[in-house]
Amino acid sequence: MPLNDLTSVAETATRPEFGPEFAAALSDELEAMPLSGRVLRIAALGRAVFTTSLGLEDQVLTSLIAETGADMRIVTLDTGRLFGETEALISETETHYRLAIEVFKPWKEDVAGFVALYGLNGFYDSVEARHACCHARKLRPLGRALENAQIWVTGLRRGQSGNRARSPLAEWDADRSLLKVNPLADQTLSDLKTLASANKVPINPLHAKGYPSIGCEPCTRAIKPGEPERAGRWWWEQDERRECGLHLSASVSGSRAPAQPKATSPAS
Ligand code: SF4
């Protein structure tokens, strides 16, 4: 193998000490830290990639990264079906914090394959079709975004849904061989609203219109008073545990590998 290839393998390998025990110890360590300390500690551990969907939690995390100077990449997945407000917030956030958000889009061939099989909005017709769309537009780009990462940083919060109620501050993602860190897992929505307001964090105007959780436009509606935070996501499905698959293991989500054509170039 050429030396360049060996270097590349070394760069992409996870750190040998990372694993379930390391994640459990890190969780305990982070729990005792303020949020800014958590972000700096995570960045010091290795190559960290924060995936933002521009929601309230993620905007607070972006502000912490910007303010502490924590060394981690910030990436987002532009599915091609986002709200205009979310698209606009990407550049607004970059300008506000003078940082770059890397945008990962689906492969044209993946989207074309989905549309050919199910139709552009075929995700309304079955859970299988919806998982296939999320796979093409989210999971495949996520795989590319995390390609060189050792640590995956997310804005998951326990109060977002029953699925997420036991999210630790740090966990071992065995499927991806990554340390997954959720530094806001133990924060409440109220905590984060207060923090965002006090620090003038730019947030999506849709939050004020009844959208506490914002995904793709055709798959997100405003919630009614008293509904769970994520009730507006894929609202037509009956499964209360519904997720797009980003934060579920392959065995749970069943959404990792629907048939997709081979991809060669990113969608515009
Ligand atoms: S949320 Fe909806 S539009 Fe977005 S990727 Fe999933 S199924 Fe497709």
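Tutor: Let's start at C133, which is in contact with F114 and F123, leaving aside its neighbours within four places in sequence; contact here means C-beta atoms, placed from the backbone, within 7 Å. Keep in mind that this is a predicted model, in which local features need pLDDT of at least 70, side-chain atom pairs count only at pLDDT 80 or more, and totals for chains, interfaces and linings use all residues. Residues are numbered from 1 along each chain as its sequence is written.

C133 sits in helix 7, residues 127-145, and C134 belongs to helix 7 as well. Helices are DSSP runs of H or I with at least four residues, strands are runs of E with at least two, and both are numbered from the N terminus. C133 counts as buried because 30 other C-beta atoms lie within 10 Å, and C134 is buried because it has 25 such neighbours inside 10 Å. The cut-offs are 20 or more other C-beta atoms within 10 Å for buried, 12 or fewer for exposed, and partly exposed in between, with C-beta atoms placed from the backbone.

Now to the ligand: 13 residues surround it, and the closest are C133, C134, R137, C216 and C219. A residue belongs to this shell if its C-beta atom, placed from the backbone, lies within 6 Å. The shell has seven nonpolar, two polar and four charged residues; Ala, Val, Leu, Ile, Met, Phe, Trp, Tyr, Cys and Pro count as nonpolar, Asp, Glu, Lys and Arg as charged, and the others, Gly among them, as polar. An unreviewed UniProt entry annotates C133, C134, C216 and C219 as "binding site". These four are spread over 87 residues of sequence, yet they cluster in space, with a largest C-alpha distance of 11.1 Å.

Not counting residues up to four places away in sequence, F50 touches L61, I65, M72, R73, I74 and V153.

I151 leads us on to the strands: its bridge partner in strand 6 is L179. Strand 4 (residues 151-153) and strand 6 pair in the parallel sense over three bridges, where pairing needs at least two DSSP bridges.

Definitions and conventions. UniProt positions are given in the numbering used here, feature names are shortened, and annotations may be inferred rather than shown by experiment. Two residues are in contact if their C-beta atoms, placed from the backbone, lie within 7 Å.
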